[in-house]
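Have a look at the model first, then come back for the details.

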Amino acid sequence: MLHRIWRGIRKILNVCIIPYIPFNSVRIGLYRLIGFKIGKRVFIGMRCYLDDKVPSSIIFEYRANISYCCVFAAHGPGMAGKKII
């Protein structure tokens, strides 16, 4: 039951709130809070969509720079067990 509630909250945060926060450090902190693995000195532009179905499958390592409005999908046909690094 709690897992379903958390998935709903995570979806709202990931789609409706985090991408529109104008401060990168706040965005990164909230992305980490919901389960994404993000290294130090990473920039993720506003209005990006990170697939929250399996947040641990998306990893941004040290000094990655992600432009604005990017989409990262980590699930679908043939994606089982694969990671985006």
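Is Tyr31 buried or exposed? Tyr31 is buried, with a relative accessible area of 0%; buried means under 20% relative accessible area, exposed over 50% and partly exposed in between, using a 1.4 Å probe and protein chains only.

Before going on, some ground rules. This is a predicted model, where local features need pLDDT of at least 70 and side-chain atom pairs count only at pLDDT 80 or more, while totals for chains, interfaces and linings use all residues. Residues are numbered from 1 along each chain as its sequence is written, and side-chain values use heavy atoms, with hydrogens and water left out.

**Overall picture**
- The protein chain has two helices and six strands, in the order α-α-β-β-β-β-β-β along the sequence; these are DSSP runs numbered from the N terminus, helices (H or I) of at least four residues and strands (E) of at least two.
- The radius of gyration is 12 Å, close to the 12 Å that the globule rule gives for 85 residues, so the chain is as compact as a globular protein of that length. That radius is taken over C-alpha atoms, and the rule is 2.2 Å times the number of residues to the power 0.38.
- Along its principal axes, the C-alpha trace spans about 35 × 25 × 20 Å.
- Of the 85 residues, 34% count as buried.
- The chain exposes about 5600 Å², with carbon and sulfur atoms supplying 64% of it (Shrake-Rupley method, 1.4 Å probe).

**Helix H2**
- Arg27, Ile28 and Tyr31 are the buried residues in helix H2 (residues 24-33). Looking down the axis of H2, they fall within an arc of 95°, so they line one face of the helix; the arc is that of the directions from the helix axis to the C-beta atoms.
- The face turned away from that buried side carries the exposed residues Ser25 and Leu33.
- The buried residues of H2 pack against helix H1 (2-17) and strands E1 (37-38), E2 (43-44) and E3 (49-50).
- Just after H2, Gly35 takes a positive phi of about 120°.

**Core and aromatic pairs**
- The largest nonpolar core has 18 residues, and Tyr31, Ile38, Ile44, Leu50, Ile58 and Phe60 touch the most other members. Such a core is a set of buried Ala, Val, Leu, Ile, Met, Phe, Trp, Tyr and Cys residues joined through side-chain atoms within 4.5 Å.
- There are three aromatic pairs in the structure. Tyr31 and Phe36 form an edge-to-face one, 5.7 Å centre to centre with 85° between the planes. For Phe, Tyr and Trp (its six-membered ring), centres must lie within 6.5 Å; planes under 30 degrees apart count as stacked, over 60 as edge-to-face and the rest as tilted.
- Phe36 is buried too, at 3% relative accessible area.
- Phe60 and Phe72 have ring centres 5.2 Å apart and planes at 80°, so this pair is edge-to-face. Phe60 lies in strand E4 and Phe72 in strand E6, so the pair ties together parts 12 residues apart in sequence.
- Phe60 counts as buried at 6% relative accessibility, and Phe72 does at 18%.

**Loops with positive phi**
- Arg63, in the loop between strand E4 (59-60) and E5, has a phi near 65° and is partly exposed at 49% relative accessibility.
- Cys69 sits in the loop between E5 and E6, with a positive phi of about 60° although it is not a glycine.

Key:
Contact = heavy atoms within 4.5 Å.
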